[in-house]
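Welcome, and please open the model in your viewer. We will go from stop to stop, selecting a few residues each time and looking at what is there.

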Amino acid sequence: MQESVRLKSFELVARDIAGVDVHLLHALTLSVGWPHRTKDWQFLIRAGQGIAAVDGIGRVFGTAMWFPHGDDFATVGLVITSPRNQAQGGGRWLMDRVFEQCGGRDLALNATRAAHGLYLSLGFVDEASVHMHQGKLARDIPALPPVNGELSTPGADEFAEILPIDSQAFGRSRERLLTLLSENASICVLRRGGKVVGYSMRRDFGRGHVIGPVAAVNAEDALHLTAVHMKALRGRFVRVDTREADGPYATFLEQCGLSIAEVVTTMSKGRRFLNRQADQPWFYGLAGHALS
């Protein structure tokens, strides 16, 4: 597999993203209008693996990352090509490097409209749409029916209680990622009969805060698990990525002032990724675009 590619008058070389200056990665996201700060890049590099496409004087023209969850599955994200090389095969070359590194794993990703055609040509198939809600929260959060259970902040010794819920919703364990997310996140759990039946996280990201993951067995539980974070963020910029196109959860986000900024497509290559089942945990809010 070739480790460099010549794009017209310049050559790009693949480098381990962990060894690239994070400020150069931040500059790349600024050039394409993505919200990631240097702090966000630092977290993603800790959570996953990837490559950067670098020219002869160290400038970054593209990136691609993947986040392993066991030996047979990974999510792909941060596949970025600069405006200069978007139409010159840079994205396909980056994805070829990802395929090589992932070693035959089943893959899933969230594709922007601009990249959707590329992923189709690489063998990915559509599974669902993701609605990226964002904006400044309205001053008044809509009233909700009484919560069915008890909302609380888990202690350090209770963190493990959310892992089975997350694994059921995601389809496999991602304990390492959740542990990293929890380092700088506010966490809420919902208990019924003393048992955890849902959880949510809130953390700094991009222009403000992201609420996600939000895992629950029904929309009513998800509303409460989301609203508990929103109450602390009134008037501030918030983002929630959800696969709920309509219904009470989508309506609630709109009522809070979070309009749809973009719609992307969840895609998979290999085994199907999503498997929603009645009365089982489901992600009403995603951990993030790159993390699914």
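Begin by selecting Lys269 and Phe99: Lys269 lies over the face of Phe99, at 5.3 Å from the ring centre. As you look around, keep in mind that this is a predicted model.

**Stop 1: the rings around Phe99**

The structure holds 7 aromatic pairs, and Phe99 with Phe124 is one of them, a stacked pair with 6.3 Å centre to centre and 25° between the planes. The planes count as stacked because their angle is under 30 degrees.

Now colour the chain around the two rings. Phe99 belongs to helix H3 (residues 90-102), while Phe124 sits in the loop between helix H4 (113-121) and strand S7 (125-136). The pair links distant parts of the chain, 25 residues apart.

Is Phe124 buried or exposed? Phe124 is buried, with a relative accessible area of 2%, whereas Phe99 is partly exposed at 23%.

**Stop 2: a cluster of phenylalanines**

Next, select Phe170 and Phe283. This aromatic pair is edge-to-face, with 6.4 Å centre to centre and 70° between the planes. Phe170 lies in helix H5 (residues 163-170) and Phe283 in strand S14 (residues 282-285), so the pair ties together parts that are 113 residues apart in sequence.

Both partners are buried: Phe170 has a relative accessible area of 2%, and Phe283 has one of 4%.

Ring pairs link Phe73, Phe170, Phe273 and Phe283 into a cluster. Then show Arg172, which lies over the face of Phe73 at 3.9 Å from the ring centre.

**Stop 3**

Two packed helices are described by the angle between their axes and the distance between the axes.

Select residues 22-32 for helix H1 and residues 38-47 for helix H2. How far apart are their axes? The axes are 9 Å apart, and the helices pack at an angle of about 115°. H1 and H2 are therefore roughly perpendicular to each other, and their crossing is right-handed.

Bring the side chains back to see who makes the contact. From H1 come Val22, His23, Leu25, His26 and Thr29; from H2 come Thr38, Trp41, Gln42 and Ile45.

**Stop 4: helices H7 and H8**

Move on to helix H7 (residues 219-230) and helix H8 (residues 247-255). Their axes come within 9 Å and cross at roughly 20°. That makes H7 roughly parallel to H8. The crossing of H7 and H8 is right-handed.

Which residues of H8 make the contact? Select Pro248, Tyr249, Phe252 and Leu253 on the H8 side. The H7 side contributes Ala219, Ala222, Leu223, Thr226, Ala227 and Met230.

**Stop 5**

Now select Asn218, in the loop between strand S11 (208-216) and H7. Asn218 is partly exposed, with a relative accessible area of 29%.

Show Arg192 and Tyr284 as well: Asn218 touches both of them, not counting residues up to four places away in sequence.

**Stop 6: backbone details**

For the last stop, display the backbone atoms and start with Gly212 and Pro213. A cis peptide bond joins these two residues, with omega at about 5°. Pro213 has its place in strand S11.

Go on to Leu78 in strand S5 (residues 73-81). Leu78 counts as buried, at 4% relative accessibility.

Finish at Asp279, in the loop between strand S13 (259-269) and S14. Asp279 also is a residue other than glycine with a positive phi, here near 65°. With the surface on, is Asp279 buried or exposed? At 68% relative accessibility, Asp279 counts as exposed.

How values were computed:
Residues are numbered from 1 along each chain as its sequence is written. This is a predicted model: local features need pLDDT of at least 70, side-chain atom pairs count only at pLDDT 80 or more; totals for chains, interfaces and linings use all residues. Side-chain values use heavy atoms; hydrogens and water are left out. Rings of Phe, Tyr and Trp (its six-membered ring) pair if their centres lie within 6.5 Å; planes under 30 degrees apart count as stacked, over 60 as edge-to-face and the rest as tilted. Helices (H or I, at least four residues) and strands (E, at least two) are DSSP runs, numbered from the N terminus. Buried means under 20% relative accessible area, exposed over 50%, partly exposed in between (1.4 Å probe, protein chains only). A charge sits over a ring if NZ of Lys or CZ of Arg is within 6 Å of the ring centre and within 35 degrees of the ring normal. Axes are lines fitted to C-alpha atoms, for helices over the stretch in contact, and angles run from 0 to 180 degrees between N-to-C directions. Angles under 35 degrees count as roughly parallel, over 145 as roughly antiparallel, 65 to 115 as roughly perpendicular and the rest as oblique. A crossing is left-handed if the near helix is turned anticlockwise from the far one by less than a right angle, and right-handed if clockwise. Contact means heavy atoms within 4.5 Å.
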